[in-house]
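Biologist: Please show me the model, and then we can go through it one question at a time.

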Amino acid sequence: MKVTVVGAGAVGASCAEYIAIKNFASEVVILDIKEGYAEGKAMDLMQCASLNGFDTKITGSTNDYSKTANSDICVITSGIPRKPGMTREELIGINAGIVKTVSSSLVEHSPNTIIIVVSNPMDTMTYLVHKTTGLPKHRIIGMGGALDSARFKYRLAEALEAPISDVDGMVIGGHSDTGMVPLISHATRNSIKVSEFLSEERLNQVAEDTKVGGATLTKLLGTSAWYAPGAAVSGLVQAIACDQKKIYPCSTLLEGEYGLSDLCIGVPVVLGRNGIEKIVDVSLSDAEKEHMKASAEGVKKTNGLLEL
């Protein structure tokens, strides 16, 4: 199992670290355009191997895509990160060009790969990969929903004053501050609906805090978060590599599902060895349906800024 991570910044390095430390991949390749940067990150991570007990080989490369050849899974984190006050959508001009070049280079050397897109605006970048690579839809996955759901569960556990292992919840919709649709109606604490424990007002606050989870961290850190995004990616990669058939909300190309077509947006999917093996249809409340519709309109508006 060979995994490539493009982009050796904080998010990319965290992806590589979490994938390696779980010890399911034989090799992780980190690639970056900055001279020596990926090589340095790879060396630093390899020096953790004996300390953290993993045998995954980590190598770094400066923009040499031949080193990524025959990768089973490729993760694209490259592009400029958000700065305080920026929306994910404002990154589109620069990041679209980067993602288009990166995805084409990856597919050239690994035609059978599965691509996971992390670069923002994530739903639009996932759509761009569909339009420019020609890969089948089940092999192109946008990461956002897995991260947003983790942030949702964190906020739920905080509100419930419960251990996070007791909490389950999911966020679908666009990976944006206004586009996320936290599924309050399906959220539970140990199989009991969270509405049994929390008021509607408190649940609405949880949803709003979830939506601005990335912006909150960007304001505090001065740049995008990296630990949780890296962990989210490693979960998706492991589900595919180990054929786990796990359900994650991921951005995928819809062709009529949820009443939507010709866009990539977050919905629950089953992940296994073939990538997205099934799109899961879940019942939504009337309010959630309206939020999902508005989210899709926002994603399509951003897609319209692409130069395809």
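**A predicted model, question by question**

Modeller: In this predicted model, the backbone nitrogen of methionine 122 lies 3.3 Å from a polar atom of the side chain of asparagine 120.

Biologist: Is asparagine 120 buried or exposed?

Modeller: Asparagine 120 is found in the loop between strand S5 (114–117) and helix H5 (122–133). A residue is called buried when its relative accessible area is under 20%. Asparagine 120 has 15% relative accessibility, so this residue counts as buried.

Biologist: Which form does the peptide bond from asparagine 120 to proline 121 take, cis or trans?

Modeller: Proline 121 lies in the loop between S5 and H5. The bond that joins asparagine 120 to proline 121 has omega near -5°, and its form is cis.

Biologist: Which element gives the most residues to the lining of the largest pocket?

Modeller: The largest pocket has a volume of about 760 Å³. It is lined by 40 residues, and Thr77, Ser78, Gly79, Ile80 and Pro81 lie nearest its centre. Two or more lining residues come from each of helix H1 (10–22), strand S2 (27–32), helix H4 (92–109), helix H6 (144–160) and helix H8 (213–221). The element that gives the most, with 4 residues, is H4.

Biologist: How many charged residues are in the lining of the largest pocket?

Modeller: Sorted by class, the lining of the largest pocket has 19 nonpolar and 16 polar residues. The charged residues in that lining number 5.

Biologist: How many cavities of 30 Å³ or more are there, and how much space lies in the largest cavity?

Modeller: The count of cavities of 30 Å³ or more is 2. The space in the largest cavity is about 40 Å³.

Biologist: How many polar residues line the largest cavity?

Modeller: Among the residues lining the largest cavity are Met122, Asp123, Asp148 and His175. H5, H6 and strand S8 (171–173) each supply at least two residues of this lining. By class, the lining of the largest cavity has 3 nonpolar and 2 charged residues, and its polar residues number 7.

Biologist: How many nonpolar residues are in the lining of the second largest cavity?

Modeller: The second largest cavity holds about 30 Å³ of space. Its lining is made of Glu17, Ile21, Leu45, Cys48, Asn52 and Phe54. Of the residues in this lining, 1 is polar and 1 is charged, while the nonpolar ones number 4.

Biologist: Why does valine 237 count as buried?

Modeller: Valine 237 lies in helix H9. Leaving out residues up to four places away in sequence, valine 237 touches Val3, Ile19, Phe24, Ile73, Val75 and Ile116. Valine 237 counts as buried because its relative accessibility is 0%.

Biologist: How far apart in space are leucine 203 and glutamate 90?

Modeller: Leucine 203 is in helix H7 (residues 200–211). This leucine is buried, with a relative accessible area of 5%. Beyond its neighbours within four places in sequence, leucine 203 is in contact with Leu156, Ile184, Val194, Ser195 and Leu198. Leucine 203 and glutamate 90 are 113 residues apart in sequence, and in space, C-alpha to C-alpha, they are apart by 29 Å.

Biologist: Is asparagine 190 buried or exposed?

Modeller: Asparagine 190 is found in the loop between strand S10 (188–189) and strand S11 (192–193). Although asparagine 190 is not a glycine, it has a positive phi of about 50°. Exposed means over 50% relative accessible area. Asparagine 190 has 54%, so this residue is exposed.

Biologist: Where does lysine 245 lie, and what is its relative accessible area?

Modeller: Lysine 245 has a positive phi of about 55° and is not a glycine. Lysine 245 lies in the loop between H9 and strand S12 (246–255). Lysine 245 is partly exposed, and its relative accessible area is 42%.

Technical notes
Residues numbered from 1 in each chain as written. Predicted model: local features only at pLDDT ≥ 70, side-chain atom pairs only at ≥ 80, totals over all residues. Heavy atoms only, no water. 1 Å grid on protein atoms, 1.4 Å probe; cavity = no way out; pocket = protein on both sides within 12 Å on 5 of 7 lines; lining within 4 Å. Points joined across faces, edges and corners; volume = space filled by probe spheres on them. Nonpolar A, V, L, I, M, F, W, Y, C, P; charged D, E, K, R; others polar. Buried < 20%, exposed > 50% of the residue type's maximum accessible area, 1.4 Å probe, protein only. Polar contact = N/O pair within 3.5 Å; in protein donor to acceptor, adjacent residues only side chain to side chain. Contact = heavy atoms within 4.5 Å.
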